[in-house]
Amino acid sequence: TMALAAASAVAVTGAAAAQTMVVRSTGPSASKYPTGTRLKDSDKLTLIAGDKLVLMQSGKTRTLSGPGSFSPNGPVNATQTTSTAVTRMLAKGPTMRSRGGFSRGTDSAAVLEARAPNLWLLDYRDGGNFCVADPAGLLLWRPDMDSDELLRIEQGGQTDTIAFVAGANYRKWPSETLPLKFDVDYKLSGGGLAAPVTVRFAALPAAPEGPEASMEALISKNCNHQVDRLVAALAE
């Protein structure tokens with residue numbers, strides 16, 4: 001009986017792992033297929049003009065564009081493997097410190113469109129929720145390394161200023177003067193920002209293993225900018 005139960009558990013786990021998840025949903029039908037939706041093979045997806053869904057299964061992605069009717073279990077990109085971009089995006093520890101920034105002469109549009117090369121680097125241009133698995137190792141990141149910039153951080157009456165020097169695109173979070181707290185708002189200004197942004201940190205017990213677990217954890221906490229980064233890396 002115990003062996004049968006264990007076998008059933010493995011089967012259920014395998015079935016769950018093979019499920020298809022909506023990881024990006026845009027267009028008129030986005031509310032029908034919100035990000036994080038789990039789809040069964042028997043489901044039918046009906047998209048209209050302007051709709052686009054990105055689905056993920058077994059760490060690979062598939063993009064559907066309307067109009068048309070689709071099944072969730074269609075083929076993913078046949079040549080897609082775990083790319084260098086995905087490996088770097090999910091990395092933990094010292095590999096997070098890769099520069100991944102732009103220096104003098106880079107087109108300004110490229111700088112604006114750039115994304116942090118790792119899920120756990122806080123691109124301080126992005127407001128909203130940001131998932132943190134290692135508060136002690138949190139790094140702030142900027143794409144443009146050309147100039148010296150001062151980034152001001154405010155929370156609950158406390159303030160600190162972080163100096164980014166030319167040639168550097170990350171700095172450690174100032175945990176001594178502004179201990180990282182979850183579910184409170186931090187206001188960030190200066191640092192090359194066109195306008196102040198508000199960031200709220202969400203706690204993860206640990207950095208998830210693999211793209212599917214990472215995607216599920218980020219979606220559950222509404223860490224949408226990190227979701228977008230991972231989707232983009234998976235699509236490369």
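Me: Which residues form one aromatic cluster here?
Reply: That would be Phe-130, Trp-173, Tyr-186 and Phe-201. Bear in mind that this is a predicted model, where local features need pLDDT of at least 70 and side-chain atom pairs count only at pLDDT 80 or more, while totals for chains, interfaces and linings use all residues. Residues are numbered from 1 along each chain as its sequence is written, and side-chain values use heavy atoms, with hydrogens and water left out.

Me: How many aromatic pairs does a search of the whole structure find?
Reply: Five. Rings of Phe, Tyr and Trp (its six-membered ring) pair if their centres lie within 6.5 Å; planes under 30 degrees apart are stacked, over 60 edge-to-face, and the rest tilted.

Me: Why are Phe-130 and Phe-201 called edge-to-face?
Reply: Their ring centres are 6.3 Å apart and the planes sit at 85 degrees, so edge-to-face it is. Phe-130 belongs to strand S8 and Phe-201 to strand S14 (residues 197-203), so this pair ties together parts 71 residues apart in sequence. (Strands are DSSP runs of E, at least two residues; helices are H or I, at least four; both are numbered from the N terminus.)

Me: Are Trp-173 and Tyr-186 buried or exposed?
Reply: Both are buried, and Phe-130 and Phe-201 are as well. Buried means under 20% relative accessible area, exposed over 50%, and partly exposed in between (1.4 Å probe, protein chains only). Buried residues make up 38% of the 236 residues in the protein.

Me: How do you know that Cys-131 and Cys-223 form a disulfide?
Reply: The sulfur atoms of Cys-131 and Cys-223 are 2.1 Å apart. A disulfide is a pair of cysteine sulfur atoms within 2.5 Å, so the pair qualifies. The count by this rule is one disulfide.

Me: Which hand does the link of Cys-131 and Cys-223 have?
Reply: Right-handed, with 85 degrees about the S-S bond. Cys-131 lies in strand S8 (residues 128-132) and Cys-223 in the loop between helix H4 (210-220) and helix H5 (224-235), so the link ties together parts 92 residues apart in sequence. Cys-131 and Cys-223 are both buried.
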